[in-house]
Amino acid sequence: YLGIAEHKNELLWVLAAISVLTIAGRIVSIKASSQFSAEDAEVFHKPIFLCIVVTGSLTFLLPFTDWKPENYESSVHMRMLANSFAGFVGVTFTAISLIFLPASVATIGRIGGMLVMTAIWARVSNRQMLDYEHWGWIFVVSAGVICAGRGQVQVEANYKTLVGLMALLIADVADTAEIFLAQGVLQDVGLSEFVFTGWKGLCSASMALLAALIAQMLPGFDNGYLEDTISTVTVLFKYPSILLITIVIAFFSLASMLTGYALTKIYGSLAKGIVRCLTVPTTWGVAVLVHYLAPGSQYGENFTWEEGHLKIVGGVVVFMGSIGYFWHDFRQKELQKA
């Protein structure tokens, strides 16, 4: 394990930093793709294409694994398809939400919403009992998400914000379903995480390709289609900047997944949960930094106190509430083991 035993503390900081920065980079890059525009090109709003990029990047794991799908029963394939469909929906609607919402609000909604829905789903399915302190932290996180959403509505009260928030809600529901479906497959079938992730990426990318084909035949606002794949390819070849953004998205998607697994494997779920909480301030900071490092650029996120104070309060509340929830959950599990 590359000398983990001797350098475990140092490795934790390295993995945590890489994980936080790659997650933040992925979110900001996806947002940047929707902010791209040129004088002779339409705005690059391509959620299905971005789903292909994000999920397709995970398939690079398969050549390095002992993947033999013929060895698994049809029921395993069906469960994998269900999990992959949830992943496809989650990534696509996350990309849609980032078209209409700033990276800061989308991240707060993703981290807070996922925690609340995962906890409630675990209780409803009798996978975990929640005590009063659990519910207290869930209430705190929910309040933070609502506060951040209220701040965004205050800044931009129109249909775009509503569409973005609804897309974020659908993405949270889909990703919560994906988590529990994944737990079932990994525990019952005994698949390794890398085989599972590569296989899921292949299935989700295939579904996204099918969705892109269907979207090419349906009416919409992308050159008359729901999503015009032909114009997507044209823009990628014509503008190196959007091609670079696409490559960066793929790289960050794969890197964030690998570091997330490493953190969980070596340090446990508490470390991964706290790192996920840290993506709230990091993503916002990276988005603001990108905007101000390139004056006049359409990328990144502008910040003013008048527009951002409610989002700051919501972000801080979600961050602290999430840390409190994960720490209490960790202590409860340690007591049960004892």
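Which residues in α2 meet which residues in α7? The model examined here is predicted, so local features need pLDDT of at least 70 and side-chain atom pairs count only at pLDDT 80 or more, while totals for chains, interfaces and linings use all residues. Residues are numbered from 1 along each chain as its sequence is written, and side-chain values use heavy atoms, with hydrogens and water left out.

On the α2 side, the residues are Ile48, Cys51, Ile52, Thr55, Gly56 and Leu58, and they meet Thr197, Gly198, Gly201, Ser204, Ala205, Ala208, Leu209, Ala211, Ala212 and Ala215 in α7. Contact here means heavy atoms within 4.5 Å. Helices (H or I, at least four residues) and strands (E, at least two) are DSSP runs, numbered from the N terminus. Sorted by class, this contact of α2 with α7 has 10 nonpolar, 6 polar and no charged residues. For that sorting, Ala, Val, Leu, Ile, Met, Phe, Trp, Tyr, Cys and Pro count as nonpolar, Asp, Glu, Lys and Arg as charged, and the others, Gly among them, as polar.

Two packed helices are described by the angle between their axes and the distance between the axes. Helix α2 (residues 47-58) packs with α7 at an angle of about 160°, and the axes are 7 Å apart. Axes are lines fitted to C-alpha atoms, for helices over the stretch in contact, and angles run from 0 to 180 degrees between N-to-C directions. That makes α2 and α7 roughly antiparallel to each other (under 35 degrees is roughly parallel, over 145 roughly antiparallel, 65 to 115 roughly perpendicular and the rest oblique). The crossing of α2 past α7 is left-handed, meaning that the near helix is turned anticlockwise from the far one by less than a right angle, with clockwise giving a right-handed crossing.

Helix α7 (residues 193-215) also packs with helix α6 (residues 159-189), this time at an angle of about 130° and with the axes 11 Å apart. These two helices, α6 and α7, are therefore oblique to each other, and α6 passes α7 in a right-handed crossing. Glu178, Ala182, Val185 and Leu186 of α6 make the contact with Glu193, Phe196 and Lys200 of α7. By class, the contact of α6 with α7 has 4 nonpolar, no polar and 3 charged residues.

Next come the cysteines. A disulfide is a covalent bond between the sulfur atoms of two cysteines. Searching the whole structure turns up 0 disulfides, taking a disulfide as a pair of cysteine sulfur atoms within 2.5 Å. For cysteine 51, the closest cysteine sulfur is in cysteine 203, and at 12 Å that is too far for a bond. Cysteine 277 is in no disulfide either, with the nearest cysteine sulfur, that of cysteine 147, 17 Å away. Cysteine 51 is buried at 0% relative accessibility, and cysteine 277 is buried at 1%. Buried means under 20% relative accessible area, exposed over 50%, and partly exposed in between (1.4 Å probe, protein chains only).

A few single residues round out the picture. Glutamine 35 sits in helix α1 (residues 8-35) and is buried at 17%. Setting aside neighbours within four places in sequence, glutamine 35 is in contact with Gln298, Tyr299 and Gly300. Alanine 271, in helix α10 (residues 269-293), is buried too, at 15%. Alanine 271 and phenylalanine 330 are 59 residues apart in sequence, yet 10.0 Å apart in space, C-alpha to C-alpha. Asparagine 223 lies in the loop between β1 (219-222) and α8 (229-238) and is partly exposed at 38%. Phi of asparagine 223 is near 55°, a positive value in a residue other than glycine.
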